[in-house]
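This report is meant to be read beside the sequence and the coordinates.

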Amino acid sequence: MEPVQYSYEDFGRLPRFVVGLMGYDMLGVPKTPTRRILMRFYRFICLASHSVCVGFMIFRMVEAKTIDNVSLIMRYATLVTYVINSDTKYATVLQRRAIQSLNSKLADLYPKTTLDRIYLQVNDHYWSKPFVYLVTIYIGSSSLVVVGPIITSLISYFTHRGFAFMHCYPYFQFDPEKHSVWIYVGIYVLEWLHSTQMVISNIGADIWLLYFQIQIILHFRGIIQSLEDYQPSGEHDLKDRKFLAQIVDKQVYLVELQNELNEIFGGSLLLSLLTTASVLCTVAVYTLIQGATLEGCSYVLFIGTSTMQVYLVCYYGQQVLDLSAQVAHAVYNHDFHNASIAYKKYLMIIIIRAQQPVELNAMGYLSISLDTFKQLMSVTYRVITMLRQMIQ
């Protein structure tokens, strides 16, 4: 029995679900009035909680009275860079019209028949289970950072040492002898919604980026496969030239779509690489300071999933770079000996266009590839080593 071939809407379920966890629907899918109101209210309280928490963070930094040790300095450095990273990505997903336009163009380009989907091997490009597990672990490890303090407080309570009233972020001051328990509950709700806004913005924008990039990669693979399989002949020259004209048009169109993708996500990509490196450095050093605690373990998971997040973006950037160049190789491997002169001229057009690399780039300044990942990890490791030596 043939497996069901995934539709374009199937590909979109994961990014829509993840971004929907903060109450935001980028594509404006029709909903019942009640659900629409609830989502908007939930989105509002996430944004409001985030604004309050960021305001308190800035206040504590300006006040500078409570930041009195190296551990807190590293913690605040982590929070600042993560807030910048997340808010930049949130600003990116707010480009609703541009994202909907790109989504609509890719939906129109997606193969409609089952045979076409089998030929393009769409199922091989669908979200793999390891990728879904990575997203789940990323969100789970980020949630554990927030939930960890209350778990530690409960452990303290059940070991008869009393409830510790611990919470996640250092910019809220709670004294159980002076403040009501409800204030503690309010602080925890604020922190949870604040964390949700940051984590989902961070991972959600990258999933949408990968979603669009995978679609473009799928069609580049289709061009390569079509060229390698086609058998031209002088006996049906008109049909051959029509086939190549469609390939040329599709190649040009894919370059345009990639440029649109770069325009939408380029700014956040550039800042994201810088801030992600900073987050990894500060989190790593903070984890070394904290030692083998529940918080430390949750941060280790967070570092691992954040590194994989950057790797995947760079990996798919490398894929589109390689495949756009492989179009020329597909022409070279193409059996064009029996084709007409006009057909061979069309092939030359494809080869010339393939010489200009199609790439995922950050505002035209930085090509996103596996070399980018290697350089980022190398710099991050050196900075971590330097910070560790300074602290010791």
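In this predicted model, the axes of helix 2 (residues 33-63) and helix 3 (residues 70-93) come within 12 Å and cross at roughly 145 degrees, and the crossing of these two helices is left-handed. From helix 2, the residues Arg-43, Leu-47, His-50, Val-54, Met-57, Arg-60 and Met-61 take part in the meeting of the two helices, and helix 3 contributes Tyr-76, Leu-79, Val-80, Val-83, Asp-87 and Tyr-90.

Is Val-83 buried or exposed? With a relative accessible area of 6%, Val-83 is buried, because that value falls under the 20% cut-off for a buried residue. Leaving aside residues up to four places away in sequence, Val-83 touches His-50, Val-54 and Met-57, and also Met-198. Of these, His-50 is 33 residues away from Val-83 in sequence, and the C-alpha atoms of the two are 9.4 Å apart in space.

Two further buried residues lie in other helices. Gln-251 is part of helix 8 (residues 237-290), and its relative accessibility of 4% is the reason why Gln-251 counts as buried. When residues up to four places away in sequence are set aside, the contacts of Gln-251 are with Ile-223, Val-327, Ile-350, Arg-353 and Ala-354. Tyr-343 is placed in helix 10 (residues 341-354), and because its relative accessibility is 0%, Tyr-343 is likewise counted as buried. Which residues does Tyr-343 touch, not counting residues up to four places away in sequence? They are Tyr-230, Pro-232, Asp-237, Asp-240, Arg-241, Phe-243, Leu-244, His-334 and Phe-336.

Glu-177 sits in the loop between helix 6 (129-158) and helix 7 (181-229), and since its relative accessibility is 77%, Glu-177 counts as exposed. Gly-364 is found in the loop between strand 1 (361-362) and strand 2 (366-367), and with a relative accessible area of 60% Gly-364 is exposed. Most residues other than glycine have a negative phi. Gln-121, although not a glycine, has a positive phi of about 55 degrees.

| Residue pair | Separation in sequence | C-alpha to C-alpha distance |
|---|---|---|
| Val-83 and His-50 | 33 residues | 9.4 Å |
| Gly-364 and Gly-267 | 97 residues | 9.4 Å |
| Glu-177 and Val-18 | 159 residues | 40 Å |
| Tyr-343 and Arg-161 | 182 residues | 83 Å |

Turning to the chain as a whole, the secondary structure of the protein comes to eleven helices and two strands. Read from the N terminus on, the elements run α-α-α-α-α-α-α-α-α-α-β-β-α. Along its principal axes, the C-alpha trace spans about 90 × 55 × 40 Å. How many of the contacts between residues at least 6 apart in sequence join residues at least 24 apart? In this protein the share is 78%.

Definitions and conventions:
Residues numbered from 1 in each chain as written. Predicted model: local features only at pLDDT ≥ 70, side-chain atom pairs only at ≥ 80, totals over all residues. Heavy atoms only, no water. Helix = DSSP H or I, 4+ residues; strand = E, 2+ residues; numbered from the N terminus. Contact = heavy atoms within 4.5 Å. Axes fitted to C-alpha atoms, helices over the stretch in contact; angles between N-to-C directions. Left-handed = near helix turned anticlockwise from the far one by under 90°. Buried < 20%, exposed > 50% of the residue type's maximum accessible area, 1.4 Å probe, protein only.
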